[in-house]
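Visitor: I'd like a quick tour of this protein's insides. Could you take me through it?

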Amino acid sequence: GIRDYKVTGVQTCALPIFEISARSVAEAHPDATIYRDVDVWVQQPEATAEEWAANHPGKEGMMVIDGRPCLKAGDFDVLAAVPGASGPARVVHHEEVKAGSDRPQTARDQLDNVRDAVAKAARGEAVVHLMIGKTDVTGRFDLASVNGATSKTRGVAEKQFEESLGLTAKDLEALTKDLIRLEQTSRAGAP
């Protein structure tokens, strides 16, 4: 999410930047289902959360999935998948969407790291869980297809992302403030 002190508490998934990206991806892949915020968790070698905690004192971020400790490799902000001929959906595109002070190379590194984690799982070298919220959606996708999918970083107009959101950081900040005001107004008026 946005970590800029000016818009603390607002996550990028609540902003229209995801809608901009998702619409663009949907136009490019009209037969695809578009998924947002698909977290990729990598199963750790330890058998239990207690064993993991003992091996990594003070380290945070572990989550237990299917009884095993897992660490988040990152996420696909936008993922497009088309139905498989006789099995899981084939991933055809994925994106990392950034706002604010994020750098294009950071976005590319994050996208590549997540793709590489999934590729290792496809080769049987790791176990991953693709999660949307608390729902494990791993079985919906042909993991091997992620490596051959197109990918793109997308961000504010004044930075050198592979694709522009068409908004400057200043425009995005103003839009975010407007959205916060609208949300606060609607909550204040709610019964």
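This is a predicted model: local features need pLDDT of at least 70, side-chain atom pairs count only at pLDDT 80 or more; totals for chains, interfaces and linings use all residues.

Visitor: Is R154 buried or exposed?
Guide: R154 sits in strand 8, residues 150-155. Leaving out residues up to four places away in sequence, R154 touches S21, S24, V25, E95, E96, V97, K98, F161, E163, S164 and L165. The cut-off for buried is under 20% relative accessible area. R154 has 2%, so call R154 buried.

Visitor: How are the rings of Y35 and F141 arranged as an aromatic pair?
Guide: The count comes to one aromatic pair. For Y35 and F141 the centres are 5.0 Å apart, with 80° between the planes. Planes over 60 degrees apart count as edge-to-face, so this pair is edge-to-face.

Visitor: How many residues apart in sequence are the parts that this pair ties together?
Guide: Both partners are buried, Y35 at 14% relative accessible area and F141 at 4%. Y35 belongs to strand 1 (residues 33-43) and F141 to strand 7 (residues 141-142), so the parts tied together are apart in sequence by 106 residues.

Visitor: Which element gives the largest share of the largest nonpolar core?
Guide: That core has 21 residues, and V40, F76, L79, V118, V128, L130 and F141 have the most contacts inside it. Strand 1, strand 3, strand 4, helix 3 and strand 5 each supply at least two of its residues. The largest share is five residues, and it comes from helix 3.

Notes: Residues are numbered from 1 along each chain as its sequence is written. Side-chain values use heavy atoms; hydrogens and water are left out. Rings of Phe, Tyr and Trp (its six-membered ring) pair if their centres lie within 6.5 Å; planes under 30 degrees apart count as stacked, over 60 as edge-to-face and the rest as tilted. Helices (H or I, at least four residues) and strands (E, at least two) are DSSP runs, numbered from the N terminus. Buried means under 20% relative accessible area, exposed over 50%, partly exposed in between (1.4 Å probe, protein chains only). Contact means heavy atoms within 4.5 Å. A nonpolar core is a set of buried Ala, Val, Leu, Ile, Met, Phe, Trp, Tyr and Cys residues joined through side-chain atoms within 4.5 Å.
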